[in-house]
Amino acid sequence: MTTTKRVALMGFLLESNSFAPVSQEADFTTLCYLAADEILADIALPNGRLPAEIPAFYKAMEGSGRDWQALPIVVAAAEPGGPIDQNFFERTRDDMEQRLRAAMPLDGVYIAEHGAMTGTASHDPDGDLFAMVRAVVGPDVPILATLDLHANISEKMIETTDVLISYRTNPHVDQKARAEEACRLMIEIWEGMCPQVAFIRLPLVAPTVTLLTAEGPYAELIRYGQKAKAGVIANVSVVAGFVYGDTPMNGIAIIVTARGERAAAQALAEDIASRAWAMRERFKKVLTPVADAAAMAWANGADPSRPAQILADVADNPGGGGRGNTTWLLQALLDVEAQGVMFGVFIDPALARAAHAAGEGATFPATLNAETESRYSKPLTAAATVERLSDGKTIGRRGIWAGRAISIGRSALIRIGGVQLVVGTHRKQAADPALFELFGLDLAAARTLVVKSRGHFRAGFDEGFRPENIYEVDAPGLTSPVLGNFDFKGLPRPVYPLDEDTTWAGPSWK
Ligand SMILES: [Zn+2]
């Protein structure tokens, strides 16, 4: 006799940059806050707003031929921002708890989590959430979670779940594959597999720009782990972490899940961790100074035989908590009168409003950051011409959001000198060409493309720009990869590379 497997679906996704303003309820409702049947309705849409993992897990379970029932709980997601408002976190967690209790009995829980959330009164809301789930469902119901590879892994997250699976691609394009893996492993557990987990966290916080998976030290670690995955090894997750979380759980983490054999998981985890530690000096990178970047943009505008290039304003990445409105690079480009520059997305609700008030074709005296001045976000005034207005809604075309509904809200394409600037209202990193094409722009015409993005743009703009023509610029900002720019308070110390003499003596298995 077969019985219907009852599986709860839930998720609470936030990457917290402790130096950024608090993430509020509105940041979630703007992007994604869906409960119960709203989740199933969104799964059925061709271009939904749910994180890609949720529909992927659902469809994988459907495709498995299993007799199962989805019990949708709550899926909440916000753009990366500051620590979550603790009241909102606790209200949402309590709501999830009530819905989980009502959904019992359960045969499994799938959680799509980012894994680098901090709260205004907690270092580890992800761990707190997982612990709540474990308390509700008891010790025997499998809890499987997928995580972004920028998760900061706590002991609590490990101890309260059966399997943690992190992305293996950066830019992140394997959400679907990881959710399908979670589905397969949940089924294996139902069939009797007993996951045994080994976890090692290294005193190593890597700057974000050194964590790409096409090549470099991190790519090599991930490849090594996947090659070793066979037989009893069910999953290998090499979790990069998110340094701006500034928590005691920061540091590259290795999580190996074995089928039944704990010693095998431990041996492989130790092997990978030792390799990561041995290559720690490679997790350093020199960026391009702002003045050099501006000079290159000027040269590209003047000489059409030079290859088109991307300047990545990596220190002001909304995808890492940046506000998307610093002006150092823009000012430098205007100062040298660079031509043929497309620049986006500059997040400034007041500027978008002013452009809409002026109307298409109008020239108006623009003030950037008129209402949003902060330490990093300085005003800039210039005459601007409104080239195109939009509601900012589009469908991701290429890269991390391909096929998904995305929006930068009320928005405009304005021209200031030789720069065409995409101005938006909702924070979104420039990871998809659709955010430019929305305004009729042809990216093939750009001599220089400036993106406020750390690395996800690489999966979106690979059609006309070669990797060797991408430059990461060293401007100030909330997501600067220059770790010495920050006053870290929560990191475990000593930690490499902030403390050069950091040592690691190997794991101490409990
Ligand atoms: Zn990430």
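Visitor: Which helix does Glu188 lie in?

Guide: Glu188 lies in helix H7. Helices (H or I, at least four residues) and strands (E, at least two) are DSSP runs, numbered from the N terminus. This is a predicted model: local features need pLDDT of at least 70, side-chain atom pairs count only at pLDDT 80 or more, and totals for chains, interfaces and linings use all residues. Residues are numbered from 1 along each chain as its sequence is written, and side-chain values use heavy atoms, leaving out hydrogens and water.

Visitor: OK. And what does Glu188 touch?

Guide: Leaving aside residues up to four places away in sequence, Glu188 touches Met193 and Arg259. Contact here means heavy atoms within 4.5 Å.

Visitor: Why does Glu188 count as partly exposed?

Guide: Because its relative accessibility is 24%. Buried means under 20% relative accessible area, exposed over 50%, and partly exposed is in between (1.4 Å probe, protein chains only).

Visitor: How far is Glu188 from Ala263?

Guide: They're 75 residues apart in sequence and 20 Å apart in space, C-alpha to C-alpha.

Visitor: Switching to cysteines. How many disulfides are there?

Guide: The count is zero, taking a disulfide as a pair of cysteine sulfur atoms within 2.5 Å.

Visitor: On to helix packing. How do H4 and H5 cross?

Guide: H4 (residues 86-103) and H5 (residues 125-137) cross at roughly 20°, and their axes come within 10 Å. Axes are lines fitted to C-alpha atoms, for helices over the stretch in contact, with angles from 0 to 180 degrees between N-to-C directions. That makes H4 roughly parallel to H5; angles under 35 degrees count as roughly parallel, over 145 as roughly antiparallel, 65 to 115 as roughly perpendicular and the rest as oblique.

Visitor: Which residues make that H4 and H5 contact?

Guide: From H4 they are Phe89, Arg93, Met96, Glu97, Leu100 and Arg101, and from H5 Pro125, Asp128, Leu129, Met132, Val133 and Val136. By class that's eight nonpolar, no polar and four charged residues. Ala, Val, Leu, Ile, Met, Phe, Trp, Tyr, Cys and Pro count as nonpolar, Asp, Glu, Lys and Arg as charged, and the others, Gly among them, as polar.

Visitor: What about H10 and H11, what's the angle there?

Guide: About 45°, with the axes of H10 (residues 290-302) and H11 (residues 328-335) 9 Å apart. That makes H10 oblique to H11. Val290, Ala293, Ala294 and Ala297 of H10 meet Trp328, Leu329, Ala332 and Leu333 of H11. The contact of H10 with H11 has eight nonpolar, no polar and no charged residues.

Visitor: Now H3. Which of its residues are buried?

Guide: In H3 (residues 53-63), Glu53, Ile54, Pro55, Ala56, Phe57, Ala60 and Met61 are buried.

Visitor: What covers the buried residues of H3?

Guide: The cover includes strands S1 (5-13), S3 (68-77), S4 (108-113) and S5 (143-147), along with helices H2 (37-43) and H7 (175-190).

Visitor: What phi does Gly65 take?

Guide: A positive one, about 80°, just after H3.

Visitor: Last one: which residues of H8 are buried?

Guide: Pro217, Tyr218, Ala219, Leu221, Ile222 and Gly225 are the buried residues of H8 (residues 217-227). Their cover includes strand S8 (233-239) and helix H9 (262-278).
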